[in-house]
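Please keep the structure in view while reading the points below.

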Amino acid sequence: MTRIPTKQEVLDWISANPTLTSKRDIAKAFGIKGADRIDLKRILKELEAEGHLEKRKRSYRDPDRLPPVSVLQVKAPNADGDLFARPLEWHGEGVEPIVLIIARASDPALGEGDRILARLTVVHEEDHNYEARLIRRIGTNPRKIVGIFRKGAEGGRIVPIDKAGSTEWLVADGALLGAKDGELVEAEQAGPKNRMGLPRARIVERLGDPTAPKAVSLIAIHQHGIPDDFPDKVIAEADKAKPVGLKGREDLREMPLLTIDPSDARDHDDACYAHADDDPKNPGGHVIWVAIADVAAYVQPGTALDREARKRGNSSYFPDRVVPMLPDRLSGDLCSLHEGVPRACIAVRMQIDGDGNKIGHRFVRGLMRSAASLNYTEVQKAIDGTPNDRTGPLLEPVLKPLYAAYAALKKARAVRQPLELDLPERKILLSETGEVTSVAFRDRLDAHKLIEEFMILANVAAAETLIAKRRPLLFRVHEEPAPEKLESLRETAQAAGLNLAKGQVLQTRHLNALLNAAAGTEDAELINLTTLRSMAQAYYNPENFGHFGLALRNYAHFTSPIRRYADLIVHRALISAHGWGKDGLSEDEIMRLDETATHISDTERRSMMAERDTTDRYLAAYLSERVGNEFSGRISGIARFGAFVKMDETGADGLVPVRSLGREFFHFDREAGTLMGSDTGLIISIGQRVTVRLTEATPVTGGLELELLSIDDQALPRGRGQPKRATRRKAVSTKRKKDKIKRKVERKRRQR
């Protein structure tokens, strides 16, 4: 039997190894495996309860401080040339600490994006909380650049295509890869970054004409490093896969399970069926079946398919293409629940009472045959009285019982009160050649909500089953909002004449009361948007911290294993828990759950950023022919350099540069989130209704520049004037130099 360490030994390890403090790291250090991990978990929980440790997401540490040795990510130099870094190990409450890097003459040059291991010292300076001294640079892949190549006399330059990319890159004559002037290219940093002059790069791939409509998503894919080609070995494994038979499975082929998806769905990984419960002990109750594609039967742990799926973490969806987590042989064929074709599945039978409360469930590994592949619109039309040839025969026996079960689930939802945001989702419609034809807002039909509620219920059942069977899994975690974000929401609500009460444990029903009070008013969109921005970002974790937004204690992702690796992990855990086969969760996967959770949370954010950037570029292309037109909108963000406006017609965000706001200085108040004119006293803040003129649209970057014409139907006042730009620059530069010298003198004094 493995010797379990004492509490003091655990504390000593964490103190000596501040970068290796996850439960997995501690277990590995003391050689703890299998069931003995339960005892380690108990010790850590006791240390946490006694106040010796703080458990925050993925690791244990002393509360409210960064570790003395931390992993940092270097930021771009500020205007004074000082180098700051973001602490990657900060999981505390409140504002993220600001870390200044103190460079020594012997240190290598550091560039934006570099990851370093550094020793930290707590300080109490006006502009930073910690000072960091380099221990070593952590090895990383070369920095990737996507941009437009411009031919020069000896090589050329790359102009980055991202909105924040102001630095150009030099390309030597021997590193061009045959690129032509004006071509979109992908490059990587060549050698260390120079202290002086432009950085150097070498072209690694030519991506073609940047103005071609279908280059838009391609730019985002390469810019964010999303793998879009499957290695030959992965394709070979997928091609060898054969359909799974009935052996060892429950036969569900006669059950009229349906898939209901968008009309342009590329895969079908969930099906459902419902009927009235015939149990006399459950009057008015329903039985709901949810069947999910059995991806685990085809993607075995440790295979090339599995490694590639984990690497991708999830599928990425763009208006013109999808970058799948799995090759098409699986995602579009063997794992897709096509109509009339036998398909392997893991299904859950859930019993609910007349008020929509789940009173029982059981999981089976089965073989199903979809009775029909329908889309949301035709299902809703059938329920509303206009069935077509496909939905007509299914209306009474299948569709109406589905909606009856959904009606019961709505009662339970009303009691639970998950967060009810009302923010329309944009849908970009493209022509066959890839040009934007229109920008619409997606409908939210009862058919959408029905599937959503069924999937949530199935996800809860999966989490509850694995908790009851004491099996490791990945939870979908959504923590409650940070106090400072709630305070910002409270101030926005008060400015709109609304109230979000203090002095109580925040629940989603409190936020829903605020949203309901704003509904139908001109501030509704602002309150919804500010509420969304106050929310923490959801993530995956082996530890269960609950799901605040859904108002659920136990929640895991089970229903989309074709496109999310987290769901595949949950499927494997269910297989192990039920003893369904040898393709369950392996010991190695269990030991790596913390690492997997971090990785797939990161890949999810990567896809979200790429999808958002693609939308921005398509919108800029769509609006580029309307430069000079006027649009109505609302201030959606404030920064030192200007104000962001969300335009009503398309939902696109554009920037009003501060330089265009009139003949006066505008003072930026970070805490209040305002810009205030020094002469006129004009205050620009989030939520104000505005009229703007589109002055520039740049499809390659997705940037939109606007001119502010009026605020709340009032024309802009003009200030008395401002110093000449050169004089102003000189004054600002002189002040910065003096401040920089003052900081350096003070640092040297403290070091002595």
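Of the 752 residues in the chain, 48% are buried. The model is a predicted one. The chain's secondary structure consists of 17 helices and 34 strands. Among contacts between residues at least 6 apart in sequence, 67% join residues at least 24 apart.

**Cysteines**

- The structure contains 0 disulfides.
- C272 has a relative accessible area of 1%, and is therefore buried, the cut-off being under 20%.
- C345 is likewise a buried residue, because its relative accessible area is 0%.

**The pair of helices α9 and α10**

- Helix α9 spans residues 395-416 and helix α10 spans residues 446-468; their axes come within 10 Å and cross at roughly 70 degrees.
- The two helices α9 and α10 are therefore roughly perpendicular to each other, since angles of 65 to 115 degrees count as such.
- The crossing of α9 and α10 is left-handed.
- On the α9 side, the contact is made by L402, Y403, A405, Y406, L409 and R413.
- On the α10 side, the contributing residues are D446, A447, K449, L450, E452, E453, F454, I456 and L457.
- Sorted by class, the contact of α9 with α10 comprises 10 nonpolar residues, 5 charged residues and no polar ones.
- As background, an α-helix has 3.6 residues a turn, so residues three or four places apart point the same way.

- Helix α12 covers residues 508-518, and its buried residues are T508, H510, L511, N512, L514, L515 and A518.
- Which helices are included in what covers the buried residues of α12? They include α9, α11 (483-495) and α13 (524-534).
- Just after α12, G520 adopts a positive phi of about 85 degrees.

**The arginine R564**

- R564 is located in the loop between strand β25 (539-541) and helix α14 (565-578).
- Is R564 buried or exposed? Its relative accessible area is 14%, so R564 is buried, as this value lies under the 20% cut-off.
- Apart from neighbours within four places in sequence, R564 is in contact with G313, N314, M325, Y540, H557 and T559.

- Buried residues make up 48% of the chain, and R564, in a loop, is one of the buried residues.

Technical notes
Residues are numbered from 1 along each chain as its sequence is written. This is a predicted model: local features need pLDDT of at least 70, side-chain atom pairs count only at pLDDT 80 or more; totals for chains, interfaces and linings use all residues. Side-chain values use heavy atoms; hydrogens and water are left out. A disulfide is a pair of cysteine sulfur atoms within 2.5 Å. Buried means under 20% relative accessible area, exposed over 50%, partly exposed in between (1.4 Å probe, protein chains only). Helices (H or I, at least four residues) and strands (E, at least two) are DSSP runs, numbered from the N terminus. Contact means heavy atoms within 4.5 Å. Axes are lines fitted to C-alpha atoms, for helices over the stretch in contact, and angles run from 0 to 180 degrees between N-to-C directions. Angles under 35 degrees count as roughly parallel, over 145 as roughly antiparallel, 65 to 115 as roughly perpendicular and the rest as oblique. A crossing is left-handed if the near helix is turned anticlockwise from the far one by less than a right angle, and right-handed if clockwise. Ala, Val, Leu, Ile, Met, Phe, Trp, Tyr, Cys and Pro count as nonpolar, Asp, Glu, Lys and Arg as charged, and the others, Gly among them, as polar.
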